Amino acid sequence: MSCSSAGCSREDLYYRLNGITLELPGLAARRDKEALIRKCIASEIPAATSASIEGAALDRLASYTWPGNIRELRNTIRTALAICENSVIRLSDLPAEITHPGRQTAAPSEQDISLAHAEREALLRVIEMNDWVMSHVATQLGISRNTLYRKIKRHGIPLTRN
């Protein structure tokens, strides 16, 4: 037995607990993606309801080279289920990086820049009006705090007063 400043530990404990090691392939390398996608859809909906996926959307999800893990797939499916109509996931419900992989995004137009500037200024006014209390800002704007923080980050607004 060896002791360290953090406490005593048994050197053989790791070997006693380490009974089996599994190597799981990354999501991109899995061959059962279609079954996995259907299982994720089923796990994300309440038992009393049903949902489905169009063939084109299923094909696109199955052929996508997932850089992440199963959490990324589950988040994509969860989002698609939240925005789809009539509980049917369609190609249009999937994110652009999946539906158009490798596509370059267009440069922002002057109108986009003007709208972004106006949103940033309006956001700053509401933040100042609420004395930088973000829960009050979110309530006044009718958005969640997570959405508020995403907007703050997107507009490069520092989280401290200047």
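The legends below describe several close-up views of one predicted model. Because the model is predicted, local features are taken at pLDDT of at least 70 and side-chain atom pairs at pLDDT 80 or more, whereas totals for chains, interfaces and linings use all residues. Residues are numbered from 1 along each chain as its sequence is written, and side-chain values rest on heavy atoms, with hydrogens and water left out.

**View 1**
Helix α2 covers residues 33–44, where helices (H or I, at least four residues) and strands (E, at least two) are DSSP runs numbered from the N terminus. Its 12 residues reach 16 Å from the first C-alpha to the last, close to the 16 Å expected at 1.5 Å a residue, the expected span being 1.5 Å times one less than the number of residues. The buried residues of α2 are K33, L36, I37, C40 and I41, with buried meaning under 20% relative accessible area, exposed over 50% and partly exposed in between (1.4 Å probe, protein chains only). Seen down the axis of α2, these buried residues fall within an arc of 140 degrees, so they line one face of the helix; the arc is that of the directions from the helix axis to the C-beta atoms. On the other side of α2, A35 and K39 are exposed. The cover over the buried residues of α2 includes β3 (52–53), α3 (55–63), α4 (70–83) and β4 (88–89), with contact meaning heavy atoms within 4.5 Å.

**View 1. The largest nonpolar core.**
In soluble globular proteins, nonpolar side chains tend to be buried together. A nonpolar core is here a set of buried Ala, Val, Leu, Ile, Met, Phe, Trp, Tyr and Cys residues joined through side-chain atoms within 4.5 Å. The largest such core has 20 residues, and those with the most contacts inside it are I37, I53, L73 and I89. Helices α2, α3 and α4 each supply at least two residues of this core. L73 touches L27, L36, I37, C40 and W66, when residues up to four places away in sequence are not counted. Apart from this core lies another, of 11 residues, among them W132, M134, L148 and I157.

The structure holds six salt bridges, each defined as a side-chain nitrogen of Lys or Arg within 4 Å of a carboxyl oxygen of Asp or Glu. In one of them, the side chains of R74 and E44 meet at 2.9 Å, N to O. R74 lies in helix α4 and E44 in helix α2, so the pair ties together parts that are 30 residues apart in sequence. Both partners are partly exposed, R74 with a relative accessible area of 32% and E44 with one of 21%.

**View 2. The surroundings of E54.**
E54 lies in the loop between β3 and α3 and is partly exposed, with a relative accessible area of 33%. Its side chain meets that of R90 in a salt bridge (3.5 Å, N to O). Since R90 lies in the loop between β4 and α5 (96–99), the pair ties together parts that are 36 residues apart in sequence. R90, at 27% relative accessibility, also counts as partly exposed. Not counting residues up to four places away in sequence, E54 touches V88, I89, R90 and L91; of these, V88 is 34 residues from E54 in sequence and 6.9 Å from E54 in space, C-alpha to C-alpha.

Helix α6 has 20 residues and reaches 29 Å from its first C-alpha to its last, close to the 28 Å expected at 1.5 Å a residue. In α6, L123, L124, V126 and I127 are buried. Seen down the axis of α6, the buried residues fall within an arc of 165 degrees, so they line one face of the helix, and they pack against α7 (134–141) and α8. The face turned away from the buried side of α6 carries the exposed residues E110, Q111, R125 and M129. The side chains of K151 and E119 meet in a salt bridge (2.7 Å, N to O), which links K151 in helix α8 (residues 145–154) with E119 in helix α6 (residues 110–129), 32 residues apart. E119 is partly exposed, with a relative accessible area of 27%. Helix α6 is followed by D131, whose phi is positive, near 55 degrees.
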